[in-house]
Amino acid sequence: MKKFGNFNIAALVIGFSFLYIPIILLILFSFNESRLVTVWGGFSTKWYGELMHNQGIKDAAWVTIKVAFISSTVATLLGTIAGIVMTRFGNFRGRTLFSGMIYAPMVMPEVIIGLSTLLMFVSLAIDRGVLTVTLAHITFSMCYVAVIIQSRMSSYDDSITEAALDLGCTPFRTFMLITFPIILPAIVSGWLLAFTLSLDDLVIASFTSGPGSTTLPIKIYSMVRLGVTPEINAVSTILVGLVTVGVVTASLIGKRQKQQLAQS
Amino acid sequence: MTETTTTEPWLDSNQKPYIQIVNATKKFGNFTAIDNLSLDIYKNEFFSLLGPSGCGKTTLLRMLAGFERFTEGRVLVDGEDISEIPPHLRPINMMFQSYALFPHLTVEKNIAFGLQQDKLPDNIINQRVEEMLELVELTDFAKRKPRQLSGGQSQRVALARSLAKQPKLLLLDEPLGALDKRLREQTQFELMDIQEKLEVTFVIVTHDQEEAMTVSSRIGVMDSGKLIQVATPTQIYEAPINREVADFIGDVNIFKGIYKGQDEKGTQLLSEDSKSIIYATQKVDVPVGNRIWFALRPEKLEISKKLPEVDCNILKGKIEDIGYGGSFSTYHVKLENGRQLTAIRANRERTAEHHLTWGDEVYLHWVPHSAVVLLS
Amino acid sequence: MNIKEIQVPSFLRRAFNGRNAIISIPYLWLLFLFLFPFIIVLKISLAQPVIAMPPYTDLLKWGESWWPTIQASLDSYLFLFSDSLYIHAYLSSLKIAIISTILTLIIGYSIAYSVARAPTRWRGILLMLVILPFWTSFLIRVYAWIGILKTEGLLNLALTTIGIIDKPLIIMNTDLAVYIGIVYSYLPFMILPLYANLEKMDMSLLEAAADLGCRPLKTFWTVTIPLSLPGILAGCFLVFIPVMGEFVIPDLLGGSQTLMIGKVLWGEFFYNRDWPVASAVAIILLAILVVPIMFYQKSQEKAIS
């Protein structure tokens, strides 16, 4: 009854402008010849060239990718188990606490998570470094994975697993042959989300990292505090570009899968 | 199926039951889903569990399949206790209400799935899959994915998949529930043919009494986790043991009243509706003065404008409502005391010679033989 | 399939243990790396700061006796309540979180509603455009605003060029900049649950309301809004709770007078190195947030099952 009217168009145009203009400007000024952010000095890719010579940024990028890769992989494993436990294991002792520990990290202020995780490492005399950042990242990103898996698991009929058992398949083989292929797209998007969460995190990494484990966000943050520079714009543009390509590809794959299934 | 089962094994004390459910109880917390239920099912039976939703019929089926554990009691198949055997090791297969086809596997891979679990050689698997596809007439659809199938085709794949392993017992949970009426009626006969051809024992759960009547050798009517009556479809329909069964299976008119004894016309009931004595041939063994009931199927009530030339079982009323059903019409007749009865009459004449219409004064009548006496 | 070969009790025992073993993997991980750290924080908040590494006293002191003496001190908490800075920071965080949640809800609802009402073939791409910023770095998105909001930044440049203003606006390093940053950064968190809810809404309900003589705006208030309440709640929790402890936005966009508790905690920990006070700040923030977090958990569990 309510048609797509002028109000809706205005809301979308203004809303998306608000969401995208800052990012577009950021990308635009990464190609600015001039060092001044407000003066357009002509097109140039020289800031990208300078990045290549910035050893600090290159080191931080390497640490970040390592941490993101390992933490997202472990988080996907743990989160998948947690998501299955939440949907298919019925009631068990301490279920409420378990689900609390899954949902709380997603809204909990990062300063609290960062501080508490760090204090635990200190009290156990574990040195801060790549390991501690990775452990902290696994812990909060596994919760996101668990929720993605949980919603996929609860959207398909459990009698499919029962049917496999009924046809003589052992519980483990049932998981490998039936459950895993069905939830695979959710596992992949869970991994992607965990990867970008780790890639983006500043606060928790600041608490839990030590010398030698400076991640890219920490590096960018320390540069930002000194002011806006085209170099930061260039790093940011690369990150935004990577994430965009990843997300768009993932969603295209998902869309094609859906279409293949829908076509008769 | 009653006709094709030449012998009725449940009447023969020498026959050994194939499936024995012994004192089965299932509790979910404080809720008792199955209450100390015992049941024997014989080889090659087509047994229906019939009841309203929530009566425990699906729980009982899932206990047989092994998805629910027995709180108490056990189940024997061919004399072996299988109560503690996990589902994937039971010689029983199940056809799920939702069909539960594996969405990522083709039709033939779905059917082959159970055989592959037994690690059979490929040529045997392929041969069996082909047979099954032929049986359900889906050979051309072997390479399709479940999403590319219609409801009826999915149903047949599910059936083929559950039969591929030649189970000792096939459980079917509302197998036709998702199909439209026409397809359902057609598929009922297909199911019966397949069951006969493969000689597999079927236990089917349904809430559709017509379906149960059509396909079953015997029906178990369930309510609140208990079996109320186990009998052939004819017996269940013609001789229900109480008002609940009578009411659940088809339409029924119930007459409430006081038992007044027997005479040459049969059992006398002082009806609360007509305040007169009405008769049923069936004899009862209760003290005079007890409360009893007569159950009368609508098609056994004759309806006419003329006073019937009989000496008993005549009630007078007025037509309130007519439901035209094509081959028959349903009449709602209001008695003088306000009670409404249902009568069904076949529409034999096309013309309106015997035409009955709204507001007509009519007589309802039945022969004493068609009424069933119920004690509860 | 020989039934006799199966040893029943052993299978059951294995299944039972296998099940618990699977549950215990993520369970123990979260217990150890998520819950246990809070106990440590609580412990340290009761300790006294010392100049050492780690810079706090031990809660348990092992003396001559067999039993340790407990040296709990509430000094950190007393300190928080004696210095008005902390109370102001909590209240100011609360104020900023509430106002920005409301702002985000209004803007987010308009966008989510419009996306949900857009023609079906557009919806996919529009939703994608909402999700994309959600995946891109928080830090980068906040940073992008610095160049715009600065006194000599792009916004002032644009406005003076057009001639709307002749003196540059001072937005950077004020609360206004913080609000802009929060609304911008958290908008996708608001839109996604709202959209999920609005998209599922049965349009025939709105038609029924119109059919019964309800005017469009009234239908919106009496049908659409109440039905989308679960989405509104989820979105508000997703914004309000993390904003209460937000650090990056007030630090980069806010000024020295912008007080937020996340920034205070960061300062206590990294600059003052007073770990017991930082822990006490965290514990009290947690105490404030525990009820909303539990509500959020309940609502999410209901939404999924």
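Reply: Happy to! Keep in mind that this is a predicted model. Chain A and chain C are in contact, with 66 residues from chain A and 79 residues from chain C taking part.

Me: Which elements of chain A give two or more residues to the side that touches chain C?

Reply: They are α1 (6-29), α3 (55-88), α4, α5 (110-123), α6 (130-154), α8 (171-200), α10 (216-224) and α11 (230-262) of chain A. The largest share, 12 residues, comes from α1(A).

Me: And what classes of residue are on that side of chain A?

Reply: The side of chain A that touches chain C divides into 47 nonpolar, 16 polar and three charged residues.

Me: Okay, let's stay with chain A. How many helices and strands does it have?

Reply: Chain A has 11 helices and zero strands. Read along the sequence, the pattern is α-α-α-α-α-α-α-α-α-α-α.

Me: What does the C-alpha trace of chain A span?

Reply: About 70 × 60 × 30 Å along its principal axes. Chain A has 264 residues, and 50% of them count as buried.

Me: What share of its contacts links residues 24 or more positions apart?

Reply: Taking the contacts in chain A with a separation of 6 or more, 78% are between residues 24 or more positions apart.

Me: Nice. At what angle do α3(A) and α10(A) pack?

Reply: They pack at an angle of about 145 degrees, and their axes are 7 Å apart. From α3(A), the contact uses A:G56, A:I57, A:A60, A:A61 and A:T64, while α10(A) brings A:L216, A:I218 and A:K219. By class, that contact has five nonpolar, two polar and one charged residues.

Me: Changing topic: which domains is chain B divided into?

Reply: Chain B has domain 1 (9-247) and domain 2 (251-374). Taken over C-alpha atoms, the centres of these two domains of chain B are 39 Å apart.

Me: What about sheets in chain B, say the one with five strands?

Reply: That is an open sheet with antiparallel pairing, and its strands run in the order β13-β12-β11-β14-β20. At the edges are β13 (277-280) and β20 (372-374) of chain B, each pairing on one side only. On average, neighbouring strands of this sheet are turned by 45 degrees against each other, direction ignored.

Me: Over how many bridges do β11 and β12 of chain B pair?

Reply: Strand β11 (residues 253-263) and strand β12 (residues 266-271) of chain B pair in the antiparallel sense over six bridges. For one of the residues, B:I258, the bridge partner in β12(B) is B:L270.

Me: Great, thanks!

Note on methods:
Residues numbered from 1 in each chain as written. Chains lettered and ligands numbered in written order. Predicted model: local features only at pLDDT ≥ 70, side-chain atom pairs only at ≥ 80, totals over all residues. Helix = DSSP H or I, 4+ residues; strand = E, 2+ residues; numbered from the N terminus. Buried ≥ 20, exposed ≤ 12 C-beta atoms within 10 Å, placed from the backbone. Contact = placed C-beta atoms within 7 Å. Domains from an automatic or database assignment. Nonpolar A, V, L, I, M, F, W, Y, C, P; charged D, E, K, R; others polar. Axes fitted to C-alpha atoms, helices over the stretch in contact; angles between N-to-C directions. Pairing = 2+ DSSP bridges.
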